[in-house]
Amino acid sequence: MYNNWEELEKSIINCKECKLCQNRTNIVFGNGNKEADLMFIGEGPGADEDKQGLPFVGKAGKLMNEAFKGLGIKREETYIANIVKCRPPQNRVPEQDEAQTCLNYLRNQVILVRPKIIVLLGSTALKNVLGKEYAITSARGKWIEKKGIKYMPTWHPAALLRDENKKIEFWKDLKEVANNLKKM
């Protein structure tokens, strides 16, 4: 457990705790406002993210940015992280041991940010943060409160690229988040 960002970021710089380190270009730690009320947690970095060392900068990130713009959410006022900090090969779902290895980094990020709302983007984020008993299809769009944080599970933006029909639900979920933030 690290009490400040500098120590936490230093602790991961040369991480070799799982096999994902073997093919990474960059660790994608997370970025944004380190005191944000709103945090987003995704699955893991893709090729663009691995190249740039930043989360959600590829096609899915661009789609998310469009939603932010339409809803009046400023990306720079949020904090964005992923379950795993290194890109899984061929963008596959992180294996359980890989996710477990990175979860302490993510937990520490949540503790340091102290968000009021966390949006869980997709099944991998939902199951690793709130538990295996949750399914994205049934939990999506429903508030779940734990330890003083409100969670909103929704589709991962990459899922919207594969299935246009999910865009309406994604928009509705983020609109609910934006409205909730205004009330805080």
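1. α4 (96-113), α5 and β6 (149-154) each put at least two residues into the lining of the second largest pocket. The biggest share comes from α4, with five residues. Helices (H or I, at least four residues) and strands (E, at least two) are DSSP runs, numbered from the N terminus. The model is predicted: local features need pLDDT of at least 70, side-chain atom pairs count only at pLDDT 80 or more, and totals for chains, interfaces and linings use all residues. Residues are numbered from 1 along each chain as its sequence is written, and side-chain values use heavy atoms, with hydrogens and water left out.

2. The second largest pocket holds about 350 Å³ of space. Its lining has 14 residues; closest to the centre are Arg107, Val110, Val129, Lys147 and Tyr151. A pocket is an open set of points on a 1 Å grid over the protein atoms alone, where a 1.4 Å probe fits, with protein on both sides within 12 Å along at least five of seven lines; lining residues have an atom within 4 Å of a point. Volume is the space filled by probe spheres set on the points, which are joined across faces, edges and corners.

3. By class, this second lining divides into ten nonpolar, one polar and three charged residues. Ala, Val, Leu, Ile, Met, Phe, Trp, Tyr, Cys and Pro count as nonpolar, Asp, Glu, Lys and Arg as charged, and the others, Gly among them, as polar.

4. The largest pocket holds about 580 Å³. Of its 28 lining residues, Glu43, Gly44, His156, Ala158 and Arg162 are the closest to its centre. The lining has twelve nonpolar, nine polar and seven charged residues.

5. Which helix gives the most to the lining of the largest pocket? α7 does, with four residues.
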